[in-house]
Amino acid sequence: MEPHALGFSDLDNWADDDHEAALRTWRASCSRTGKGVICDLPIHNARRFFETHFTPVQFGNPDEALFTGYYEPVIPASRHRTGKWQYPLYAPPADLGNRKPHFSRAQIEDGALTGKGLEIFWLADPVERYFLQIQGSGRLRLTDGALVRVGYAGKNGHRYVSIGNIYLTRRKADPSRFGAGSLKRWLRANPRDGRKLMHENPSFVFFTERQGLGVEQGPVGALGVPLTPKRSLAVDPDLTPLGTPVWVETTASTGPIRSLMVAQDTGSAIKGHQRGDLFFGTGARAGKVAGTMRAGGRMISLVPNDQFARIGG
């Protein structure tokens, strides 16, 4: 489907959004995107700024839109392997960039990296480890009470496979009544079959300890800036450039969302013009909303006017 230009009046509830909040999130991205002049313009009114310097453009078919959610979990952990702490988070292997693909999830969990000194933290729950890799970042509550941050540091190069989709297909489950919480409960209740199911996703994520983030700041996304709850969006960067303001219309379990967000992150499962993953924040409450988020809607990119002219506007 060809790009389709819209007016701001075509965006549902555009006038009611908090444009100042969206502007703060967008400006945090500017230093990373090389947008140049537009980042340095004086701004006296956030809504007027977007309406003056951007054109809303619909890429792709909204009938194919899918919005999910993600969050930053808080997980008990240890720096040392002892007692119940038996499931490691790994730093990237030295040969990660040279060996493509690297060991699969099954190979790694069967011991392919054991003895290489790559373990940075240990968890008590293999299911939490799996979902931490899906989220890409998290906070760890250590045995001494300290709170540390971990973030994405690379992956093994294998294709991501959604075990949720496998579960739905095999068990003929109702997608409208299925979420991350349902899958976690099944994996824990069926540890042997759950391990086999997790191994069907060969993709594996490596982590690094993040320093210098305030408690009030979100995790660092693919763009290199801390994410903002309900303003940061993971997209397909091959189709939606990081740093793009994106108007989102969709429905979450807590009600409709009509908000200007910013493309600041990516994800292995996020593919397509109309595919977005909304960041909901940190902790269990954010996780509950994110875990039930699966809805249609539409994404409208706000394209700078000079770029819009170049693509045929």
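Visitor: Tyrosine 90 and phenylalanine 204: buried or exposed?

Guide: Both are buried. Buried means under 20% relative accessible area, exposed over 50%, and partly exposed in between, using a 1.4 Å probe and protein chains only.

Visitor: What sort of model is this?

Guide: This is a predicted model: local features need pLDDT of at least 70, side-chain atom pairs count only at pLDDT 80 or more, and totals for chains, interfaces and linings use all residues. Residues are numbered from 1 along each chain as its sequence is written, and side-chain values use heavy atoms, with hydrogens and water left out.

Visitor: Back to rings. How many aromatic pairs?

Guide: The count is 13. Rings of Phe, Tyr and Trp (its six-membered ring) pair if their centres lie within 6.5 Å; planes under 30 degrees apart are stacked, over 60 edge-to-face, the rest tilted.

Visitor: What is the geometry between tyrosine 90 and phenylalanine 204?

Guide: That pair is tilted, at 6.2 Å centre to centre with 55° between the planes. Tyrosine 90 sits in strand β5 and phenylalanine 204 in the loop between α8 (191–199) and β9, so the pair ties together parts 114 residues apart in sequence. Helices (H or I, at least four residues) and strands (E, at least two) are DSSP runs, numbered from the N terminus.

Visitor: And what about tyrosine 130 with phenylalanine 131?

Guide: Edge-to-face, because their ring centres are 5.7 Å apart and the planes stand at 75°. Tyrosine 130 is buried at 3% relative accessible area. Phenylalanine 131 is buried at 9%.

Visitor: Where is arginine 105?

Guide: In helix α4. Arginine 105 counts as buried, at 2% relative accessibility.

Visitor: Which side chain does arginine 105 join in a polar contact?

Guide: Glutamine 133, at 2.6 Å. A polar contact is a pair of N or O atoms within 3.5 Å; within protein, one must be able to donate a hydrogen and the other to accept it, and sequence neighbours count only if both atoms are side-chain atoms. Arginine 105 also touches Tyr130 and Phe204, among others, leaving out residues up to four places away in sequence. Contact means heavy atoms within 4.5 Å.

Visitor: New topic: α1. How many residues has α1?

Guide: It has 15, residues 19–33. First to last C-alpha, α1 reaches 20 Å, close to the 21 Å expected. The expected span is 1.5 Å times one less than the number of residues.

Visitor: Which residue caps the N-terminal end of α1?

Guide: Aspartate 18 does, with a side-chain oxygen 3.3 Å from the backbone nitrogen of glutamate 20.

Visitor: At what angle do α1 and α3 cross?

Guide: Roughly 65°, with the axes coming within 8 Å. Residues in the contact include Leu23 and Trp26 of α1, and Phe49 and Phe50 of α3. The contact residues divide into 6 nonpolar, 1 polar and 2 charged. Ala, Val, Leu, Ile, Met, Phe, Trp, Tyr, Cys and Pro count as nonpolar, Asp, Glu, Lys and Arg as charged, the others, Gly among them, as polar. Axes are lines fitted to C-alpha atoms, for helices over the stretch in contact, with angles from 0 to 180 degrees between N-to-C directions. Ring pairs also link Trp26, Phe49, Phe50 and Phe54 into a cluster.
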